[in-house]
Amino acid sequence: MVALAALGALTLAGCGGEDGDGGADATPGSESSATVELPRLDGQKVEVAAVWTGPEQENFTKVLDEFEKRTGATVTFVPAQDPIVNFLGTKIAGGSPPDVAMLPQVGAVKQAVDQKWAKPLGPEAKAQLAENYAKGWQDLGSVDGTPYGVYFKAANKSLVWYNNAVFENAGASVPKSWKEFLTTAETISASGVTPVSVGGADGWTLTDWFENVYLSQAGPEKYDQLARHEIKWTDPSVAQALTTLGELFGKPGLIAGGASGALQTEFPKSVTQTFTGGDQPKGAMVFEGDFVTVNIAQTEAEIGTDAKVFPFPAVGDRAPVVTGGDAAVALKDTKGAQALLTFLASPDAARIWAGAGGFISPNKSLDVAAYPNDVQREIAKALIAAGDDFRFDMSDQMPQSFGGTPGKGEWKALQDFLKNPKDVAGTQARLEADAAKAYGN
């Protein structure tokens, strides 16, 4: 599947601490270190819509600021509501679409193309894409062979972050298999700390739990079939994955606050409560992607010493590697939109956010020295080493009504499953009914 050796290095990478800018340029992405030539756009205005808020919005704004400096354009960040496709539909219906939108789902890119909102990449952006991205990432941004999207921000969504002090106090070891993971959880529980923090108030975190278990257990072929609804959610492979997940969800004592507490815990809190309270946090481990570092930074924990990470444990023969990402797509045929896509496809843009942390780029031309610490460097190396051999977040490949809408479809079904993990068959039936409606089959 992926370069497992590289991923295995994540645990070792946890030994490294923060070490400054890692040799990145003092002014990353600046003209002096430019790898791509951009046109002058003096007097032109470019609007960019994204659902990012807080630190993510701040860091993306730094990227847009550099684009302004290099082109003379004026760029405005447009805060979008989630799901962004609904937000964009309203904007387009009102005759005021942004020039560029950051779309967080493969399904959203296809929807934008099907609705005839999206504009194909121009020659300069295509050249940067071909030079800097593996074919797998190029394909994810294409519809029917035509490239529309540039995956600017990626995520390695197969990581478990842990409170090192709790592990040391409990004498717990880093697990490599699902069975070892459950044993580690029991060991931590016996030490007096609840082992797993789950952000169940956000349904997308539960889809990520399911996808990692399913990919490792059922394999990539079945994963692709389920993502396309070529097999039903009533398939025995789904029952097996839910049953496996129920081995954790079915033991409320292993989850911070139990099922009811988890369902009231939003993702950011699931992270911060793992790394506050010293060696007596509300949870010892939290599963999610590399973007967890943004939330850890809001605590006093230091990544690499207090907060360490290991790959999601293997449920089947191999550990899973599930990725996510945000694709930049042009919604207007303007020179500014195409220039911004060209910039975002270059290592120049990626270098800026990489240096700020909480970001992984699928851009293979980006020097990993740009990342702020060894942990993030190793995560980035593993993603690039995977080449085309990874699987994109399944729910993000699905129709948004099923895989990406709060309180509906897969998000709601898995929240109900967290509440009642014995109801495997009922969960499957609800998932299949909602999927059939969304896919129209």
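Okay, let's start with the rings: the count comes to 29 aromatic pairs, where rings of Phe, Tyr and Trp (its six-membered ring) pair if their centres lie within 6.5 Å. For the angle classes, planes under 30 degrees apart are stacked, over 60 edge-to-face, and the rest tilted. This pair ties distant parts of the chain together, since tryptophan 137 sits in helix α6 (residues 135-140) and tyrosine 151 in strand β6 (residues 149-156), 14 residues apart. Both tryptophan 137 and tyrosine 151 are buried, meaning under 20% relative accessible area, with exposed being over 50% and partly exposed in between (1.4 Å probe, protein chains only).

Now a second pair. The ring centres of phenylalanine 267 and phenylalanine 291 are 5.7 Å apart and the planes stand at 70 degrees, so this pair is edge-to-face. Here 24 residues separate the partners: phenylalanine 267 belongs to helix α13 (residues 267-272), and phenylalanine 291 to the loop between β9 and α14 (292-296). Phenylalanine 267 and phenylalanine 291 are buried too. There's also a cluster linked by ring pairs, made of Trp178, Phe181, Trp209, Phe249, Phe287, Phe312 and Phe417.

I should say what we're looking at. This is a predicted model, in which local features need pLDDT of at least 70 and side-chain atom pairs count only at pLDDT 80 or more, while totals for chains, interfaces and linings use all residues. Residues are numbered from 1 along each chain as its sequence is written, and side-chain values use heavy atoms, with hydrogens and water left out.

On to the whole chain. It has 21 helices and 12 strands; these are DSSP runs numbered from the N terminus, helices being H or I with at least four residues and strands E with at least two. A compact globule of 441 residues would have a radius of gyration near 22 Å, and the chain's 21 Å agrees; that's taken over C-alpha atoms, and the globule rule is 2.2 Å times the number of residues to the power 0.38. Along the principal axes, the C-alpha trace spans about 65 × 50 × 35 Å. Buried residues make up 59% of the 441.

Next, a sheet. Four strands form an open one, in the order β8-β9-β7-β10, with mixed pairing. The edges are β8 (196-197) and β10 (307-311), each with a single partner strand, so one side of each has no neighbour in the sheet. Strands pair if DSSP finds at least two bridges between them, and β8 and β9 (residues 285-287) do so in the parallel sense over two bridges. In that pairing, serine 197 stands opposite valine 286 in β9.

What about helix α17? Its 12 residues (374-385) should span 16 Å at 1.5 Å a residue, and the end C-alpha atoms are 16 Å apart, which agrees. The expected span is 1.5 Å times one less than the number of residues. Asparagine 373 caps the N-terminal end of α17, with a side-chain oxygen 3.2 Å from the backbone nitrogen of valine 375. After α17 comes glycine 387, which has a positive phi, near 60 degrees.

Last stop: threonine 405, in the loop between α19 (400-403) and α20 (409-419). Threonine 405 has 14% relative accessibility, so it counts as buried. Its side chain reaches the backbone oxygen of glutamine 400 at 2.7 Å.

Definitions and conventions: Polar contact = N/O pair within 3.5 Å; in protein donor to acceptor, adjacent residues only side chain to side chain.
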